[in-house]
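The following paragraphs go through one protein model, from a single helix to helix pairs and then to individual residues. Please keep the sequence and the coordinates at hand while reading.

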Amino acid sequence: MIHLYHTFSGVPGLEAIGAYGLAIIALTILVKLLLAPLYQLQLSMSRKTMLEQRKLAPEVAKLRKKYKGDAQKLNTATMELYKEHGVNPLGGFMGCLPAVVQFPILTALYWAFLQFHVADAHFLFIPSLVDSPSKHLLIPGIPLLPTVAFAIIPLLAAASTYVQAKMMQQPPNPLASEQELQTQQMTRSMQVMMPVMIAYFAVVTPAGLGLYWFVSNCVAIIQQYFVTGWGQLWRPGN
């Protein structure tokens, strides 16, 4: 990031936009390109698992009737059914892998923003990307309510997180098993909780970290579109 910053700061036009912010954007795109194969694998595995489970939903419904009241036998029979058809019930958890990989990157960036001091860390209308929005309150004494300039990035980070989650969500399955219904309920809850959590973290951490998250989401949304389409975010004709 330091190398990118010095590269952009030497160009008058780019320096006016904000060399620090451009360095963060360039670094984010580079990281996403490196993680693209892993994210592609996660998207493919999650979608494949969902389609396979829906294909077997009628069979799972028959098993629920057959072993009603005996959860242990139902789980055993369901696992045998999945194994027979080559379905990995844990395939959906591949979605956690890219997030886990990004934790060290986010941690490294956090400390970089705290330790890498530059004379001018502005970006567009944001005075400083090394400051946390919580230090620039719209009304003194009211926490987590930053000024308009510093509130933009947390809002964009939260909105892009919501868009990505809605795109990942697929149409509800009328023959969904109890397990799938629980997963759907959890997914709907996370679609609300995750943007709120991201907005909070983007407010209390350096603004540059929120910018990284927003740009990372934008790149992921583009890649995700070619695998899952718009999902439940937008359906043509409705």
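Which residues of helix H4 (residues 57-66) are buried? The model is a predicted one, and in it the buried residues of H4 are Ala57, Val60 and Leu63. Viewed down the axis of H4, these buried residues fall within an arc of 115°, so they line one face of the helix. An α-helix has 3.6 residues a turn, so residues three or four places apart point the same way. On the other side of H4, the exposed residues include Lys62, Lys65 and Lys66.

Helix H1 (residues 2-9) can be read in a similar manner. Its buried residues are Tyr5, Phe8 and Ser9. They cover an arc of only 100° around the axis, which puts them on the same side of H1.

These helices belong to a protein with nine helices and zero strands. Read from the N terminus, the order of elements is α-α-α-α-α-α-α-α-α. Of the 238 residues in the protein, 39% are buried. Contacts between residues at least 6 apart in sequence can be sorted by separation: 75% of them join residues at least 24 apart.

The axes of H4 and helix H5 (residues 71-84) come within 10 Å and cross at roughly 155°. An angle over 145 degrees counts as roughly antiparallel, and H4 and H5 are therefore roughly antiparallel to each other. Their crossing is right-handed. From H4, the residues in this contact are Glu59, Val60, Leu63 and Arg64, which meet Leu74, Ala77, Thr78, Leu81 and Tyr82 in H5. Sorted by class, the contact of H4 with H5 has six nonpolar, one polar and two charged residues.

Alanine 77 lies in helix H5 and is buried, with a relative accessible area of 12%; the cut-off for buried is under 20%. Not counting residues up to four places away in sequence, alanine 77 touches Leu63 and Tyr67. Leucine 63 and alanine 77 are 14 residues apart along the chain, and their C-alpha atoms are separated by 7.2 Å.

How do helix H7 (residues 148-168) and helix H9 (residues 207-228) cross, and at roughly what angle? Their axes come within 9 Å and cross at roughly 20°. H7 and H9 are therefore roughly parallel to each other, and H7 passes H9 in a left-handed crossing. The H7 residues in the contact are Ile153, Leu156, Ala157, Ser160, Thr161, Val163, Gln164, Met167 and Met168. In H9 they meet Ala207, Gly210, Leu211, Trp213, Phe214, Asn217, Ala220, Ile221, Gln224, Tyr225 and Thr228. By class, the contact of H7 with H9 has 13 nonpolar, seven polar and no charged residues.

Leucine 211 is found in helix H9 and counts as buried, at 6% relative accessibility. Leaving aside neighbours within four places in sequence, leucine 211 is in contact with Gly21, Ile24, Ile25, Phe123, Leu129 and Ile153. Of these, Ile153 is one of the H7 residues in the contact with H9. Isoleucine 25 lies 186 residues from leucine 211 along the chain, and the C-alpha atoms of the two are separated by 7.6 Å.

Glutamine 224 is also found in helix H9. Is glutamine 224 buried or exposed? Glutamine 224 is buried, with a relative accessible area of 0%. With neighbours within four places in sequence left aside, its contacts are Tyr39, Leu43, Gln164, Met167, Met168 and Gly229.

The last stop is a loop residue. Leucine 124 lies in the loop between helix H6 (96-115) and H7. Its phi is near 55°, a positive value in a residue other than glycine. Leucine 124 is exposed, with a relative accessible area of 52%.

Note on methods
Residues are numbered from 1 along each chain as its sequence is written. This is a predicted model: local features need pLDDT of at least 70, side-chain atom pairs count only at pLDDT 80 or more; totals for chains, interfaces and linings use all residues. Side-chain values use heavy atoms; hydrogens and water are left out. Buried means under 20% relative accessible area, exposed over 50%, partly exposed in between (1.4 Å probe, protein chains only). Helices (H or I, at least four residues) and strands (E, at least two) are DSSP runs, numbered from the N terminus. The arc is that of the directions from the helix axis to the C-beta atoms. Axes are lines fitted to C-alpha atoms, for helices over the stretch in contact, and angles run from 0 to 180 degrees between N-to-C directions. Angles under 35 degrees count as roughly parallel, over 145 as roughly antiparallel, 65 to 115 as roughly perpendicular and the rest as oblique. A crossing is left-handed if the near helix is turned anticlockwise from the far one by less than a right angle, and right-handed if clockwise. Contact means heavy atoms within 4.5 Å. Ala, Val, Leu, Ile, Met, Phe, Trp, Tyr, Cys and Pro count as nonpolar, Asp, Glu, Lys and Arg as charged, and the others, Gly among them, as polar.
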